[in-house]
Every structure is written in structure tokens, then in C-alpha cells.
Amino acid sequence: MERINFTHDERAAAQIAACYDTPPMAYVRSFGCQQNVNDGEKIKGVLLDAGFGLCDSVEQADLILFNTCAVREHAEDRVFGNVGALKSLKEANPRLIIGVCGCMAQQPTVVEKLKKSYPFVDLVFGVNGIDTLPALLAEKLQRGRRLLQTPVERFDVVEQVPIRRDSSFRAWLPIMYGCDNFCTYCIVPYVRGRERSRRSEDVLAEFRQLVEQGYKEITLLGQNVNSYGKGLEEQIDFSDLLEKLCQVPGEYQIRFMTSHPKDASHKLIDTIAAHPQICRHIHLPVQSGSDRILQQMNRHYTAGQYRDLIRYAKEKIPGLTLSSDIIVGFPGETEEDFQATLDLVREIGYMQLFTFIYSRREGTKAATMPDPITRKEKTDRMARLLALHDEISHKLVSELVGSTVTVLVESHGRTEGCLNGRLDNNLVVEFAADPALLGQYARVTLTGARGAMLQGQLA
Ligand code: 5AD
Ligand code: SF4
């Protein structure tokens, strides 16, 4: 692994500028997870650095980039639909450049499909090639031909990449890239490559800068933040990193995602307990409550070990809330396996649950496993899981009514004159307030709940 610093590409910027009378405009849209959203922010930063302006509609754009997600088939279909809809724009403006980047672009089958069936797509580039974008665009503009090669795998960590953040008070901060876990259903290790951590001094420098710029909520990102530090020269783990970040003075909250239960340690729980800046909420995807399925998924923990960890965490961190990801209908999941998942969900009491029907991803190990369960059975199980979770979350949410909490005011509410604020536990409360509070902390008394949405009033 090599650590390199981004450098401004003067030559590419000049070549790009020479092709336009006025600064060209770029439209960038990211799909999928926060890691991808953060990549999208870097893509925008790099484009600004190369002389582009940014725009909010495809109609105004000289360059359209879709930063894509490959985690489920549905996500890919959505991208293909959105790309397909650009055909007429390209016909009206042959100078328009259309690019597809991100996780989908890492797959040879996707690149082939774009090549054959989407002739108006001009270029693809991979998740680890954002720094090379200006040179790629310059080449496209100079030579005119399509640039559709499956990106080569890269192991570098690129620092100092320019960034245009979407928010002025909430920031994503990647601490590592890639994933080495190879859960058998998951495409991520194939598209995002090998796991590599950023040096703690680089993370700390970016963190300090964010706090100085007034960011109030900083979310540390990685596919498995609990294995942070592996392969670095310095001896450091994720808890040590949190400890270092918490020494930075200022008014902020730290979140992190995603935690893998196999690497979540008591030390981590103790670190959260010791620092009020770290949110009292952990997203700890369990995926299934059945040991047999967990083993088939290559998750390296049992439901019992998961329960023990949660027990310890609830004991050490008063008020802790939890959320999780669950896959329904993994190949060969029996009714008994599914019941084990329901039991676990009932027992843990997740405030939020992100549920997915298993989606077959070509190239993963699970794609070769026999999958006799019908679609109907899978959607049926999903409905039962959602019904159970609704019941649980209603109960948990209604228990909060009456309390006064600190929220980060993040957006305008649905109701006129109202704002939305996010609680420590990731729930959102709507309350009447002056828009000047946007981006600030506020104290709100919770007065009621409609589904998972809370109502409140300024305390
Ligand atoms: N099918 C369904 N869900 C998946 N996830 C990852 N891969 C798949 C797949 N092939 C889910 C997991 C993961 C979340 C980000 O997406 O639950 O935690
Ligand atoms: Fe996929 Fe598992 Fe890595 Fe998460 S930890 S990105 S589910 S392989």
C-alpha cells in the first residue's frame, strides 16, 4: 500500500479549458452508501479543481457523472434506468459527456453492458481512481473516443483530495477503504478492493479541520471500522483512534459506521462509554439470527456471541440504542432459520432496522449456493419481519415521549414553519422553530410520535 498526495493537474485543466468557451458545468449524482456519497463529494471537489462548475440539473450539464452502487440488483437497475433516460439529452447535445463511476463500474460485466447497449456513455472510472479524473476527461476531450475499460485495481491511499461537501454542519470522514471480509453474499470486497487504513495523523488532521470549520456531526466511515489500523506501521486500533479524536476540543458529535460484530470489542464499548462526544447509538449489522446461516454467510460470529456483546454494551452505556441490517431469504434459509432471526430481533429491540431481501451478486460465493426458496416466501418473511419491527420500534419510540433531548437541527420539516432535528439515536423529531437554528444544536421536548417520526417542541 502506498500513500500519495493529490496534486493539481495543470496540464489536464488547461486541456479541458481549451475545449470550452465558458467554464463547463458538471452534474454529479451519487447512489448508495455514505462512502459513495463521500466519494461523490470528492469527485465534485476534483472537478472544481479542474476548472468545472457544478450544476443541479442534467439539462444544464456539459458533463454528467453517475456515481453508482452495486450492492443489490435493484440498485443497479435504478442506475441503468437513469442512464438510459439520458439518451435523448445526448442526441440533442453530442458534446455532452456521460460517465459512470463507482462500484458498478468496477465490474467487467457492467462495463460490457454499457459498451454494447448504452452507446451514449462516454467513460467509466473506478472507485479508487477519483484523482485521475481530470486526466481522463482531458483524454476524452482530446481524442474523442469512448473510454470504457474496467478500472485496474489500486491499493494506494490518496490524501489531500479536494472536496466539496454537501453539508456545512455534517461531514463524512473515511478512515479506511475496501473490505477483506468476503461475506459470501457481498460484492463490496470485489468492487472496493482490499482493506487499507488511513494513517491516524491524516484522519486527525481532517477531523481537526472539520471541527475548526464548525462541523457538528462527523461520521467516521469504513466497511468495517472495527478492523481499523491493520497494515499500518503504527500500533493502533479503532478504539485508540476514537480516543485520539475525542481529545480535539470543540462542540461536535462523532458517529461511525459500519461496525462488524466479529471485531467489535469490549474496549470499543468502554471507549464509547467514556466519551460523551460519541453518539450513544451503534449500528451493528447482525444479518441473521441463525448460526447456520451466519456460518454460510462467513460472518465469523454466532448469535450467542452477538447477544453477549449487546448485553455488555447495554450494561456499560446507559440509554444506548441499536440498529442493524438484516438479510431475508439468504440461499437455503429455512423457516426455522428465519424464526431465529425474529427471536433475535425481538430480544435486542432495535430502534432502526434496515432489511433487505437477498440479492444474488454474480462472482460471490453465495451466488453458487442452491436457493430453493420462492420469491413469494421471501417477501412473505420480509413482511413478517417488518411487522415485528414496527411493533418494537413503536414501543421504543413511544417510551421516549416526554423526555427532553439534544438534537442537531438538520433540515426543514414537512410541516410549514417546522424543522427536523436528529437525536443521538438517529431518530428524527419535527418541531416548530426559526430556520436560523439550522445546523445548530437545540434542546427539544418530545411530545408525540407518528410512526418512527417524533413530534416535539423547543425546550
Ligand atoms: N443482498 C441483500 N442485501 C445485501 N447486503 C449486502 N449485500 C447484499 C446482497 N447481496 C446488505 C447487508 C449489508 C448492507 C449494506 O447491505 O445487510 O449490511
Ligand atoms: Fe460486505 Fe461483509 Fe465487507 Fe460489509 S463486511 S462490505 S457485508 S463483505
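In what order do the three strands of the open sheet with parallel pairing stand? In this predicted model, the order is β13-β14-β15. The edges of this sheet are taken by β13, residues 281-283, and β15, residues 352-357, each of which pairs on one side only. From one strand to the next, the twist averages 10 degrees. Strand β14 spans residues 321-328 and runs parallel to β13, to which it is joined by three bridges. Within this pairing, His 281 has Thr 321 of β14 as its bridge partner.

A further open sheet is built from five strands, arranged in the order β3-β2-β4-β5-β6, and here too the pairing is parallel. Strands β3 (53-54) and β6 (123-125) stand at the edges; each has a single partner strand, and therefore one side of each lacks a neighbour in the sheet. A helix also lies against this sheet: α6, formed by residues 133-143, packs on it and touches β4, β5 and β6. The direction of α6 makes about 165 degrees with that of β6.

Two of the strands touched by α6, β4 and β5, are also described by their bridges. Strand β4 covers residues 63-68 and strand β5 covers residues 97-102. The two run parallel and are connected by six bridges. In this pair, Thr 68 is placed opposite Gly 102 of β5. In general, strands of a sheet pair through backbone hydrogen bonds, in either a parallel or an antiparallel manner. For both sheets described here, the pairing is parallel.

Key:
Residues are numbered from 1 along each chain as its sequence is written. Chains are lettered from A and ligands numbered from 1 in the order in which they are written. This is a predicted model: local features need pLDDT of at least 70, side-chain atom pairs count only at pLDDT 80 or more; totals for chains, interfaces and linings use all residues. Side-chain values use heavy atoms; hydrogens and water are left out. Two strands pair if DSSP finds at least two bridges between them. Helices (H or I, at least four residues) and strands (E, at least two) are DSSP runs, numbered from the N terminus. Contact means heavy atoms within 4.5 Å. Axes are lines fitted to C-alpha atoms, for helices over the stretch in contact, and angles run from 0 to 180 degrees between N-to-C directions.
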